[in-house]
Protein chains: 2
Amino acid sequence: MSGSAPAPSAPPTPVLLRVLAGERLERPPIWFMRQAGRYLPEYRALRAETSGFVAFCLDSERAAEATLQPMRRFAFDAAIVFADILLVPMGLGQEVWFEAGEGPRLGPLPSLQAMQARAETAAAELSAVGKTLSLVRGALEPERALIGFAGAPWTVATYMIEGRSSDRTAARSLAYTDPGLVDGLIDVLVEASAHYLAMQVRSGAQAVKLFESWAEGLPEDLFHRLVVRPHRKLVARLRELGVEAPVIGFPRGAGALVLDYADAVPVQAVALDTSAPAALGRAIQQTGKAIQGALDPLLLRAGGPALDAAVDRLLGQWGDGPYIFNLGHGILPDTPPEHVARVVERVTGRVRFS
Amino acid sequence: MSGSAPAPSAPPTPVLLRVLAGERLERPPIWFMRQAGRYLPEYRALRAETSGFVAFCLDSERAAEATLQPMRRFAFDAAIVFADILLVPMGLGQEVWFEAGEGPRLGPLPSLQAMQARAETAAAELSAVGKTLSLVRGALEPERALIGFAGAPWTVATYMIEGRSSDRTAARSLAYTDPGLVDGLIDVLVEASAHYLAMQVRSGAQAVKLFESWAEGLPEDLFHRLVVRPHRKLVARLRELGVEAPVIGFPRGAGALVLDYADAVPVQAVALDTSAPAALGRAIQQTGKAIQGALDPLLLRAGGPALDAAVDRLLGQWGDGPYIFNLGHGILPDTPPEHVARVVERVTGRVRFS
């Protein structure tokens, strides 16, 4: 009988990974997008020690500390590595910097040929992120999962084309007027991101997430061309590279098209944004995929009885299927940490796994 | 037999109104959001004659001329009155002005009580819009429809609360933290907009459109509270006021929730934005409602074979049901008028109704 009992020393499988493997649990695992960040005073103090946001992301000791800070305060079931989606363009040879209070700025787009030549090696230039993951994995309790991530190709391409945060109209226009360039850039990003995520998994990430922050507003044909097809290729490429870690896809703003995404992309979970209806989430769960989301960060910031009610509603509407509790977008910088604690307690307090 | 033949003098019913009455035609009627505007050199010349955008909107002669300009150039089946969604806040006593190149600015929000007192009379202060409609109706051929419009309550409320174009986070937060104020403001806007639209119909508008430009990103419960419920009330109030004109609802950015909207709001047509999948439009048509949309304005600006292909695709995917050809968002100011002419010709050229 001893064969079926786990050895006393076997670490428990993190609940996040159990849900990503299709298990239904008594309560969903919980983590929050941007759970490491400016709403925490200890993050602001740490961040102030380093000049330049890119330098901070590539400072593995401090990035690991930022990753771990929310794990000390809150009973989150997963940590997500502190990094930025614009590190990959840097690895591809495009200059990236952050203007204080204004967000990212990118230099001229390198030639497609120059970027193609670096698609495989870009990950190696971002080895600091791998070191961050190793440090975090070494410090994190075994029952808590560690998530790696990359920006999805279209979203990263919009920044690379527009040079900053934007309404993405220049990038979308270019998709119409110069499809060769845009599709070529997307292909480079698929390849570079697959290697980058593979490196993250080798370094300790147990699941990875693709952040498609700008699926919003794309017509159906562009959504398939710029989101669905590249995500499919990226997941396939990950598997070719021997990566078995589960993938969470987040096509933010996909609206009704998120069902097409869930049908066509072989991810293990689909993250939903704040606007996802209950029925749509259930429809995805019924395909066997897990869903993640989708508390409104504005409500998390506002707090009060409406926040409690929304947490209960999410647990009620999605808790019966494979579900990961999260926000529909990142935590806002002026969110009171007590509100985060209150939601984590409400979700995890009913059932303790350890 | 003469009883069934129209009298020779009976004007033909505009094709737009036939579709809004549920008829299926050989080809869809066509008009474009912002078809009167900056992409036309004759508009820019006209606009330059008047200082201040609000003054221009309230200058009935010039607003009528702006409305008619695209009707002379293109075979559009409908004109839409030149006005602005922020005239209603003015009517409610909030200061509104436009900073050149920056967009609208609004003064402090009046008290709810002060606005409630003006909800019925605000329309009378906007009689210039009625005069514009009379002038246009007098000049427009009878087979072409004239559309009136108002901003939908939530969208107008976001501007009134935030004081300018914004990411709507302050308004959405207020919906959580001060529901009494936000719901009260929405109710005032329902009442004021109903009277405003009734005045427009009395002045010559044959259909009206509700522009909910900022349905985007709302969680399901807020979507029902801030969009579905107020639209239902507004249409019901219009009917109470004796208005029989058909209503086009445009919940832009509603994503998958647009189906809830189509089910719950008794509009005659649902306008879809660029991201609406083909299947979703067909699902709405199957409920008996017409749909409108949803060519990408960026593709209209880009032109070329991809534009022709998209026009054909829209005609193919939705042309079998009640359908109004339009964009998914307004014409961009730097759109070549030749591209507009090309699309109108492609849609109308196959079948002429007169």
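Strand E4 (residues 145-151) and strand E5 (residues 207-212) of chain A run parallel and are joined by five bridges. Helices (H or I, at least four residues) and strands (E, at least two) are DSSP runs numbered from the N terminus. The bridge partner of A:Phe149 in E5(A) is A:Lys209.

Helix H11 (residues 179-202) of chain A lies across E4 and E5 of chain A, and runs at about 165° to E4(A). Angles run from 0 to 180 degrees between N-to-C directions, with axes as lines fitted to C-alpha atoms, for helices over the stretch in contact.

## Basis of the description

This is a predicted model, in which local features need pLDDT of at least 70 and side-chain atom pairs count only at pLDDT 80 or more, while totals for chains, interfaces and linings use all residues. Residues are numbered from 1 along each chain as its sequence is written, and chains are lettered from A and ligands numbered from 1 in the order in which they are written.

## The sheet

In chain A, seven strands form an open sheet with parallel pairing, in the order E1-E4-E5-E6-E7-E8-E9; two strands pair if DSSP finds at least two bridges between them. Strand E1 (78-80) and strand E9 (323-327) of chain A stand at the edges with a single partner strand each, so one side of each has no neighbour in the sheet. From one strand to the next, the twist averages 25°.

## The chain as a whole

Chain A has 17 helices and nine strands. Its C-alpha trace spans about 55 × 50 × 45 Å along the principal axes.

Among contacts in chain A between residues at least 6 apart in sequence, 73% join residues at least 24 apart, a contact being two residues whose C-beta atoms, placed from the backbone, lie within 7 Å.

## The two copies

A rotation of 180° with 0.0 Å of shift along its axis superposes chain B on chain A, with an RMSD of 0.0 Å. The two copies are thus related as by a two-fold rotation axis. Superposition is by least squares on the C-alpha atoms of residues with pLDDT of at least 70 in both copies.

In the interface, 23 residues of chain B are in contact with 23 residues of chain A. H10(B) gives the most to the side of chain B that touches chain A, with five residues. Because 100% of the interface residues of chain B are also interface residues in chain A, the copies meet through the same surface.
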